[in-house]
Amino acid sequence: MPPQTAGAMTSDSPPSHPKLWLDAVNEWFTTVDHKRIGMLYIGYALVFLLIAGLEAVVMRIQLAVPNNHFVSPQVFNRMFTMHGTTMVFFVGMPILFGFGNYLIPLMIGARDMAFPRLNAFSFWISAFGGLLLYFSFIGGDGLYGAGTAPDVGWFAYAPLTAKLFSPGHSTDYWILGVFLSGIGSVGTALNIVTTIVCMRCKGMTMARMPLLPWLYLVTSAMVFIAIGPLTAAQMMLGFDRFLGAHFFDVQAGGSAVLWMHFFWIFGHPEVYILVLPAFAFANEIIPVFSRKPIFGYSAMVGATVLIGFISLGVWAHHMFTVGLGPAGNTFFTLATMIISVPTGIKIFNWLATLWGGKIRFATPMIFSIAFLFQFLIAGLTGIMLSAAPFDWQLGNSYFVVAHFHYVLVGAILYMIFAAFYYWFPKMSGRMLSETLGKWHFWLFTIGFHLTFDFMHVPGLMGMPRRIYTYEADRGWAAWNMIESIGMIFQAAAILIFVWNVVRSYRHGEEAGPDPWDAWTLEWSTASPPPHYNFAEEPVVHSRRPLWDLKHPQAPDSDYE
Amino acid sequence: MSAHTAVLTQSMDEWQLPDKGKVGMICLIVAEAAIFIIFVLAYIFYLGKSLSGPTPAEVLKLPVLGTVCLLSSSLTVHFAVTALERNAARLSSLWLALTVLLGGIFLADTAVEWHELIYEHGLTIRTNLFGTTFYSLVGLHASHVIVGLGMLSLALLFAVAGKLNSSHAHRLNVLSYYWHFVDAVWVVVFIVVYVLGR
């Protein structure tokens with residue numbers, strides 16, 4: 001209990017003299033406050049977003065023209081491995097946990113997360129994992145000798161990861177980095193579930209809870225089931241590499257396909273672990289900017305739970321090209337197609353929320369609208385790839401790369417940007433610039449579509465992923481050039497975004513507690529919220545507690 | 001309407017949510033179970049796939065003593081919790097000591113088994129797929145026993161120092177969940193490795 005009391009005491013008596021910067025740093029390092037840990041998560045994810053984005057830039061330059069030698073093939077292998085690993089484990093996961101950490105206690109009217117010190121531990125262990133992964137650039141020997149980063153691809157298929165084929169320690173850094181990030185993820189997911197189940201304020205039944213905590217509840221439950229297999233597989237690979245075990249050693253009768261199964265039992269739920277928080281942001285932002293309550297609350301919750309369950313049974317659609325046999329192919333094709341039903345329910349619910357609404361096209365909303373379109377297209381190419389014969393033709397081609405970047409960038413990153421514009425005022429007390437926000441949106445959208453729309457085409461023409469360079473006569477050159485030009489737009493947009501955050505943090509317009517006229521509890525306290533979140537514990541009578549407060553003549557609770 | 005409001009305020013007064021410790025521990029158990037499931041699957045998948053000996057049938061014996069001790073330690077830890085809830089701290093520390101002892105015997109039994117496997121039968125983690133999967137699965141479980149024993153010993157230490165009272169019963173109860181989980185995993189490991197896998 002000491003952290004709570006300490007927080008409550010200092011917050012009411014601001015220091016009379018300016019703090020030493022060392023004190024400030026110390027406060028950030030030792031904090032157990034969910035808001036600060038949330039911001040640490042987000043800041044750390046943003047740093048890795050820039051690094052992994054830079055790696056993508058290197059790849060796009062390399063692929064812009066045929067027969068290019070901008071970097072060596074070895075460096076190219078490291079770039080795509082680090083880009084994928086970083087984006088999934090050290091950008092996607094931490095940024096979503098960051099928002100979850102920050103928002104969930106505020107939205108359910110709680111003082112902090114259930115286990116504040118575990119929360120800090122989870123963050124720092126994940127951060128250590130990220131540092132280890134990047135330390136490999138100087139500390140690890142890779143496939144080709146001195147001082148390299150991991151170069152085995154983000155899903156690190158056996159037997160390439162065996163000691164024989166990946167000598168040195170670069171792969172070991174990959175194992176350790178991902179392993180530690182997994183421990184942190186389980187810790188935070190455990191915290192989120194416990195917070196939501198045990199710490200809701202008075203009157204907030206599960207059916208009155210905002211959809212964001214609901215979706216985080218499902219996503220965290222999935223973390224338990226999905227990260228376990230990954231952790232187990234990393235342990236096995238570690239045993240193979242350090243102790244001479246034979247889990248994935250084909251020469252001793254081991255199976256390389258087993259690694260694929262274990263990895264994708266993690267890997268596919270992971271996609272939904274990343275996308276559910278993006279849905280969660282959409283569930284909060286779209287109603288507020290349509291000036292209507294969310295359409296189909298219970299259908300949303302049901303669809304989310306269904307997605308959670310079905311997503312555990314679709315992993316082998318990543319492995320159609322291995323040859324699963326007719327039964328496996330049929331099962332995984334059908335399971336993958338069925339998951340588009342609950343996903344479709346969500347899209348229709350968002351559309352119905354927009355329908356007849358008084359839509360405000362502020363920056364969070366335009367990102368959300370683009371998300372709706374792009375996620376639809378991502379889902380459609382997903383259904384195409386779920387058909388095993390289609391996948392045999394296009395597995396491991398740039399069509400697949402285009403498909404999953406449509407999900408990860410077109411859907412998830414767009415909603416992360418939307419969430420940034422929506423909740424930055426709460427976190428900092430200042431608005432992000434709308435003008436810069438619109439520049440950010442349009443430049444990024446143009447760049448996104450230039451890169452990833454056109455990426456489908458060379459994929460259909462047979463361009464394999466992870467290829468280092470290509471001959472001029474393949475007909476891929478023009479498409480790749482367009483993709484690389486799109487990258488320039490995206491990079492410019494990201495720079496504008498970073499500038500917007502930095503500038504608005506100092507000089508942005510004062511936000512006040514409730515700049516968007518929203519309805520959930522986080523907007524009922526000051527921006528930024530005090531250490532203790534709420535001066536007195538809120539009592540909730542409906543799904544939109546702040547609406548009830550603002551409209552005592554027609555509160556939602558009358559209609560429940 | 002007024003009746004409805006009355007019901008509402010009444011339920012508000014009784015606003016009670018599940019216990020944090022229990023929910024957190026259950027989450028941890030689910031996550032750990034997922035890890036164990038993968039190791040068990042790997043064990044089953046590689047049954048009989050070793051390219052060389054020794055095979056499970058040749059070298060494995062039923063670890064009866066260890067199993068009996070570990071399973072009964074679930075009972076004793078339960079008695080320790082109920083005793084502490086009744087504020088019988090001395091009795092509780094006795095049950096705790098017995099639990100730690102039984103867990104220790106299980107570990108010793110495993111150590112003897114491994115010693116025999118390594119030095120008499122020449123089975124190590126490098127020997128074949130059986131060795132790889134056997135030592136990983138049983139070792140993963142044993143490492144969980146060690147963690148559990150560490151925490152139980154800590155509780156025992158407090159008990160011996162006379163610092164344990166009924167206000168700690170809840171924490172001991174949460175810890176006992178973990179211990180029951182470790183025992184349940186052993187039931188699965190026992191059936192897969194020593195009964196079906198032989």
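Predicted model: local features only at pLDDT ≥ 70, side-chain atom pairs only at ≥ 80, totals over all residues.
H14(A) passes H15(A) in a left-handed crossing.

**The H14–H15 pair in chain A**

- On the H14(A) side, the residues making the contact include Tyr398(A), Phe399(A), His405(A), Tyr406(A) and Tyr421(A).
- H15(A) answers with residues including Gly437(A), Phe448(A), Phe452(A), Met455(A) and Leu460(A).
- Sort the residues of this contact by class and you get 13 nonpolar, five polar and no charged.

**Chain A as a whole**

- Chain A has 17 helices and zero strands.
- Its radius of gyration is 24 Å, close to the 24 Å that the globule rule gives for 560 residues, so chain A is as compact as a globular protein of that length.
- Picture a box of roughly 70 × 50 × 45 Å along the principal axes: that's what the C-alpha atoms of chain A fill.
- Of the 560 residues in chain A, 54% are buried.
- Take the contacts in chain A between residues at least 6 apart in sequence: 82% of them join residues at least 24 apart.

**Where chain A meets chain B**

- The contact between the chains takes 32 residues from chain A and 27 residues from chain B.
- On chain B's side, the elements giving two or more residues are helix H2 (20-45) and helix H6 (129-160) of chain B.
- H2(B) gives the most to that side, with 13 residues.
- By class, chain B's side has 18 nonpolar, five polar and four charged residues.

**A closer look at Gly253(A)**

- Find Gly253(A) in the loop between helix H7 (211-243) and helix H8 (256-290) of chain A.
- Leaving out residues up to four places away in sequence, Gly253(A) touches Lys49(B), Ser50(B), Leu51(B) and Leu129(B).
- Is Gly253(A) buried, exposed or partly exposed? Gly253(A) has 17 C-beta neighbours inside 10 Å, so it counts as partly exposed.
- Ile196(A) is 57 residues away from Gly253(A) along the chain, and their C-alpha atoms are separated by 46 Å.

Methods: Residues numbered from 1 in each chain as written. Chains lettered and ligands numbered in written order. Contact = placed C-beta atoms within 7 Å. Helix = DSSP H or I, 4+ residues; strand = E, 2+ residues; numbered from the N terminus. Nonpolar A, V, L, I, M, F, W, Y, C, P; charged D, E, K, R; others polar. Left-handed = near helix turned anticlockwise from the far one by under 90°. Rg over C-alpha atoms; globule rule 2.2 N^0.38 Å. Buried ≥ 20, exposed ≤ 12 C-beta atoms within 10 Å, placed from the backbone.
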